[in-house]
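Please look over the model below with the following notes beside you.

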Amino acid sequence: MFIVGVTGGIGSGKTTVTRLFEQRGVVVVDADVIARHTLERGSQALQAVRERYGEVALQADGSLNRAWLRAHIFANPTEKQWLNQLTHPLIRAEIIKQLHAATSAYVMLSAPLLIENGLQQLCQRVLVVDVDEATQLQRTAERDQVNPQQVQAIMQAQASRQQRLAHATEVLDNSGSSADLPPQVEKLHQLYSALALQ
Ligand code: ATP
(Lines give C-alpha, C1' and ligand atoms only; values in the text may rest on other atoms or scores of the structure.)
Protein backbone atom coordinates (compact mmCIF):
# COMPACT_ATOMS: atom_id res chain seq x y z
CA MET A 1 0.00 0.00 0.00
CA PHE A 2 1.62 3.25 -1.13
CA ILE A 3 0.12 6.10 0.89
CA VAL A 4 0.55 9.80 0.17
CA GLY A 5 -0.50 12.09 3.01
CA VAL A 6 -1.93 15.44 1.92
CA THR A 7 -2.04 18.31 4.33
CA GLY A 8 -2.11 22.09 4.51
CA GLY A 9 -3.59 24.75 6.74
CA ILE A 10 -7.22 25.82 6.65
CA GLY A 11 -8.16 27.12 3.20
CA SER A 12 -4.84 26.16 1.62
CA GLY A 13 -6.61 24.18 -1.11
CA LYS A 14 -6.45 20.51 -0.04
CA THR A 15 -9.96 19.74 -1.30
CA THR A 16 -9.38 21.57 -4.58
CA VAL A 17 -6.13 19.67 -5.10
CA THR A 18 -7.33 16.21 -4.06
CA ARG A 19 -10.30 16.54 -6.42
CA LEU A 20 -7.78 16.78 -9.28
CA PHE A 21 -6.08 13.58 -8.09
CA GLU A 22 -9.49 11.89 -7.86
CA GLN A 23 -10.12 12.85 -11.48
CA ARG A 24 -6.98 10.83 -12.26
CA GLY A 25 -8.43 7.75 -10.55
CA VAL A 26 -6.70 8.13 -7.19
CA VAL A 27 -8.71 7.09 -4.11
CA VAL A 28 -8.68 9.86 -1.49
CA VAL A 29 -9.44 9.02 2.14
CA ASP A 30 -10.60 12.16 3.94
CA ALA A 31 -9.84 12.27 7.68
CA ASP A 32 -12.32 15.12 8.22
CA VAL A 33 -15.21 13.15 6.75
CA ILE A 34 -14.28 10.13 8.88
CA ALA A 35 -14.02 12.32 12.00
CA ARG A 36 -17.53 13.66 11.40
CA HIS A 37 -18.96 10.15 10.94
CA THR A 38 -17.37 8.98 14.19
CA LEU A 39 -19.85 11.09 16.14
CA GLU A 40 -22.89 10.48 13.97
CA ARG A 41 -26.32 9.70 15.38
CA GLY A 42 -26.53 6.25 16.94
CA SER A 43 -22.75 5.79 17.22
CA GLN A 44 -21.06 4.48 20.35
CA ALA A 45 -18.89 7.58 20.54
CA LEU A 46 -21.95 9.85 20.53
CA GLN A 47 -23.48 7.73 23.31
CA ALA A 48 -20.31 8.30 25.38
CA VAL A 49 -20.59 12.07 24.76
CA ARG A 50 -24.21 12.01 25.88
CA GLU A 51 -23.32 10.12 29.06
CA ARG A 52 -20.64 12.67 29.90
CA TYR A 53 -22.44 15.94 29.12
CA GLY A 54 -26.13 15.11 29.00
CA GLU A 55 -28.74 16.31 26.52
CA VAL A 56 -27.08 19.71 26.10
CA ALA A 57 -24.59 18.03 23.77
CA LEU A 58 -27.36 16.84 21.45
CA GLN A 59 -29.80 18.48 19.11
CA ALA A 60 -33.53 17.77 19.27
CA ASP A 61 -33.19 15.04 16.62
CA GLY A 62 -30.55 13.18 18.66
CA SER A 63 -27.59 14.21 16.51
CA LEU A 64 -24.51 15.94 17.92
CA ASN A 65 -24.70 19.64 18.72
CA ARG A 66 -21.36 20.37 17.04
CA ALA A 67 -21.38 24.07 17.86
CA TRP A 68 -21.89 23.35 21.58
CA LEU A 69 -19.17 20.69 21.66
CA ARG A 70 -16.71 22.86 19.73
CA ALA A 71 -17.21 25.77 22.13
CA HIS A 72 -17.06 23.46 25.17
CA ILE A 73 -13.75 21.83 24.28
CA PHE A 74 -12.27 25.13 23.12
CA ALA A 75 -12.81 26.49 26.64
CA ASN A 76 -11.82 23.27 28.48
CA PRO A 77 -8.50 21.62 27.56
CA THR A 78 -9.23 18.59 29.78
CA GLU A 79 -12.47 17.98 27.90
CA LYS A 80 -10.68 18.33 24.60
CA GLN A 81 -8.25 15.65 25.77
CA TRP A 82 -11.12 13.39 26.84
CA LEU A 83 -12.82 13.78 23.46
CA ASN A 84 -9.58 13.14 21.56
CA GLN A 85 -8.94 9.98 23.59
CA LEU A 86 -12.43 8.81 22.73
CA THR A 87 -12.43 9.61 19.03
CA HIS A 88 -8.83 9.43 17.78
CA PRO A 89 -8.41 5.64 18.02
CA LEU A 90 -11.76 5.18 16.23
CA ILE A 91 -10.82 7.67 13.52
CA ARG A 92 -7.40 6.09 13.06
CA ALA A 93 -8.88 2.59 12.77
CA GLU A 94 -11.40 3.73 10.16
CA ILE A 95 -8.67 5.59 8.21
CA ILE A 96 -6.55 2.42 8.10
CA LYS A 97 -9.56 0.35 7.05
CA GLN A 98 -10.37 2.72 4.16
CA LEU A 99 -6.72 2.97 3.08
CA HIS A 100 -6.50 -0.82 2.87
CA ALA A 101 -9.73 -1.05 0.89
CA ALA A 102 -8.44 1.34 -1.79
CA THR A 103 -7.74 -0.20 -5.18
CA SER A 104 -5.86 2.60 -6.98
CA ALA A 105 -2.11 2.38 -7.68
CA TYR A 106 -1.55 4.63 -4.70
CA VAL A 107 -3.94 6.15 -2.19
CA MET A 108 -4.10 9.60 -0.60
CA LEU A 109 -4.86 10.43 3.00
CA SER A 110 -6.09 14.01 3.22
CA ALA A 111 -5.94 15.44 6.75
CA PRO A 112 -5.68 19.08 7.87
CA LEU A 113 -4.05 17.82 11.10
CA LEU A 114 -1.87 15.11 9.52
CA ILE A 115 1.26 16.30 11.33
CA GLU A 116 -0.46 17.39 14.56
CA ASN A 117 -2.05 13.92 14.96
CA GLY A 118 0.97 11.89 13.90
CA LEU A 119 -0.83 10.48 10.85
CA GLN A 120 2.21 11.09 8.65
CA GLN A 121 3.58 7.88 10.22
CA LEU A 122 1.10 5.97 8.05
CA CYS A 123 2.43 7.64 4.87
CA GLN A 124 5.34 7.01 2.51
CA ARG A 125 5.18 10.61 1.20
CA VAL A 126 3.79 13.87 2.56
CA LEU A 127 2.44 16.45 0.11
CA VAL A 128 1.95 19.90 1.64
CA VAL A 129 -0.44 22.26 -0.15
CA ASP A 130 1.15 25.59 0.59
CA VAL A 131 0.01 29.21 0.50
CA ASP A 132 1.01 32.15 2.66
CA GLU A 133 -1.10 33.06 5.69
CA ALA A 134 -2.66 36.14 4.05
CA THR A 135 -3.97 33.98 1.19
CA GLN A 136 -5.30 31.37 3.65
CA LEU A 137 -7.16 34.10 5.51
CA GLN A 138 -8.61 35.68 2.42
CA ARG A 139 -9.75 32.46 0.71
CA THR A 140 -11.23 30.94 3.86
CA ALA A 141 -13.06 34.12 4.91
CA GLU A 142 -14.52 34.34 1.40
CA ARG A 143 -15.50 30.65 1.23
CA ASP A 144 -17.07 30.42 4.71
CA GLN A 145 -18.39 33.99 4.94
CA VAL A 146 -16.67 34.44 8.31
CA ASN A 147 -14.46 37.24 9.59
CA PRO A 148 -10.64 37.05 9.48
CA GLN A 149 -10.39 36.84 13.30
CA GLN A 150 -12.32 33.55 13.30
CA VAL A 151 -10.01 32.12 10.65
CA GLN A 152 -6.97 33.37 12.55
CA ALA A 153 -8.10 31.54 15.73
CA ILE A 154 -8.28 28.26 13.78
CA MET A 155 -4.90 28.91 12.18
CA GLN A 156 -3.35 29.41 15.60
CA ALA A 157 -4.62 26.00 16.74
CA GLN A 158 -2.98 24.33 13.72
CA ALA A 159 0.70 23.66 13.04
CA SER A 160 2.55 26.64 11.63
CA ARG A 161 3.45 26.85 7.96
CA GLN A 162 7.10 26.15 8.83
CA GLN A 163 6.29 23.13 11.01
CA ARG A 164 4.19 21.65 8.24
CA LEU A 165 6.76 22.30 5.53
CA ALA A 166 9.42 20.61 7.66
CA HIS A 167 7.56 17.29 7.13
CA ALA A 168 6.97 17.72 3.39
CA THR A 169 8.46 15.35 0.84
CA GLU A 170 6.71 17.44 -1.86
CA VAL A 171 5.23 20.94 -1.78
CA LEU A 172 2.44 22.10 -4.06
CA ASP A 173 2.47 25.87 -4.36
CA ASN A 174 -1.18 27.02 -4.52
CA SER A 175 -0.48 30.75 -4.49
CA GLY A 176 -1.35 31.12 -8.17
CA SER A 177 -4.66 30.70 -9.95
CA SER A 178 -6.64 27.44 -10.11
CA ALA A 179 -5.41 27.08 -13.69
CA ASP A 180 -1.88 26.59 -12.37
CA LEU A 181 -2.89 23.45 -10.45
CA PRO A 182 -3.48 20.72 -13.10
CA PRO A 183 0.10 20.75 -14.47
CA GLN A 184 1.54 20.51 -10.95
CA VAL A 185 -0.89 17.73 -10.03
CA GLU A 186 -0.09 15.82 -13.22
CA LYS A 187 3.65 15.92 -12.44
CA LEU A 188 3.06 14.70 -8.88
CA HIS A 189 0.66 11.99 -10.08
CA GLN A 190 3.37 10.66 -12.37
CA LEU A 191 5.93 10.74 -9.56
CA TYR A 192 3.66 8.88 -7.10
CA SER A 193 2.52 6.36 -9.73
CA ALA A 194 6.17 5.55 -10.48
CA LEU A 195 7.18 5.35 -6.81
CA ALA A 196 4.21 3.08 -6.03
CA LEU A 197 5.46 0.57 -8.61
CA GLN A 198 8.90 0.23 -7.01
P1 ATP B 1 -10.15 23.35 4.75
O2 ATP B 1 -8.94 22.94 5.48
O3 ATP B 1 -10.83 24.50 5.39
O4 ATP B 1 -11.09 22.19 4.47
P5 ATP B 1 -8.98 23.26 2.08
O6 ATP B 1 -7.53 23.21 2.34
O7 ATP B 1 -9.66 21.99 1.69
O8 ATP B 1 -9.71 23.93 3.31
P9 ATP B 1 -10.22 24.43 -0.28
O10 ATP B 1 -11.61 24.36 0.24
O11 ATP B 1 -9.81 23.48 -1.35
O12 ATP B 1 -9.18 24.36 0.95
O13 ATP B 1 -9.87 25.90 -0.78
C14 ATP B 1 -10.23 27.03 0.00
C15 ATP B 1 -10.97 28.06 -0.88
O16 ATP B 1 -10.02 28.62 -1.78
C17 ATP B 1 -12.08 27.45 -1.73
O18 ATP B 1 -13.14 28.36 -1.84
C19 ATP B 1 -11.40 27.23 -3.09
O20 ATP B 1 -12.33 27.27 -4.15
C21 ATP B 1 -10.43 28.41 -3.14
N22 ATP B 1 -9.19 28.13 -3.90
C23 ATP B 1 -8.41 27.03 -3.85
N24 ATP B 1 -7.34 27.15 -4.65
C25 ATP B 1 -7.44 28.36 -5.24
C26 ATP B 1 -6.64 29.08 -6.20
N27 ATP B 1 -5.51 28.59 -6.68
N28 ATP B 1 -7.06 30.31 -6.58
C29 ATP B 1 -8.20 30.85 -6.05
N30 ATP B 1 -9.01 30.22 -5.16
C31 ATP B 1 -8.63 29.00 -4.76
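1. Two strands are taken to pair if DSSP finds at least two bridges between them, and strands (E, at least two residues) and helices (H or I, at least four residues) are DSSP runs numbered from the N terminus. This is a predicted model, in which local features need pLDDT of at least 70 and side-chain atom pairs count only at pLDDT 80 or more, while totals for chains, interfaces and linings use all residues. Residues are numbered from 1 along each chain as its sequence is written, and side-chain values use heavy atoms, with hydrogens and water left out.

2. On that basis V27 has V107 in β3 as its bridge partner, and β2 is joined to β3 (residues 107-110) by four bridges, the two strands running parallel.

3. The open sheet to which these strands belong has five strands, in the order β2-β3-β1-β4-β5, with parallel pairing. Because β2 (27-30) and β5 (170-173) stand at the edges with a single partner strand each, one side of each is left without a neighbour in the sheet. Neighbouring strands of this sheet are turned by 25 degrees against each other on average, direction ignored.

4. Helix α5 (residues 77-101) lies across β1 (3-7), β2 and β3, and runs at about 155 degrees to β3. Contact here means heavy atoms within 4.5 Å; axes are lines fitted to C-alpha atoms, for helices over the stretch in contact, and angles run from 0 to 180 degrees between N-to-C directions.

5. The domain assignment, which is automatic or from a database, gives domain 1 (1-26 + 104-198) and domain 2 (34-93), and the C-alpha centres of the two domains lie 26 Å apart.

6. A cavity is a set of points on a 1 Å grid over the protein atoms alone where a 1.4 Å probe fits but cannot get out, whereas a pocket is an open set with protein on both sides within 12 Å along at least five of seven lines; lining residues have an atom within 4 Å of a point. Volume is the space filled by probe spheres set on the points, which are joined across faces, edges and corners.

7. The structure holds one cavity of 30 Å³ or more, and the largest cavity has a volume of about 50 Å³. Its lining includes G9, D130 and R161, with β4 (125-130) and α8 (161-165) each supplying at least two residues.

8. The second largest pocket has a volume of about 210 Å³, and among the residues that line this pocket are D30, H37, Q44 and L86. Here α2 (31-38), α3 (44-53) and α5 each supply at least two residues of the lining.
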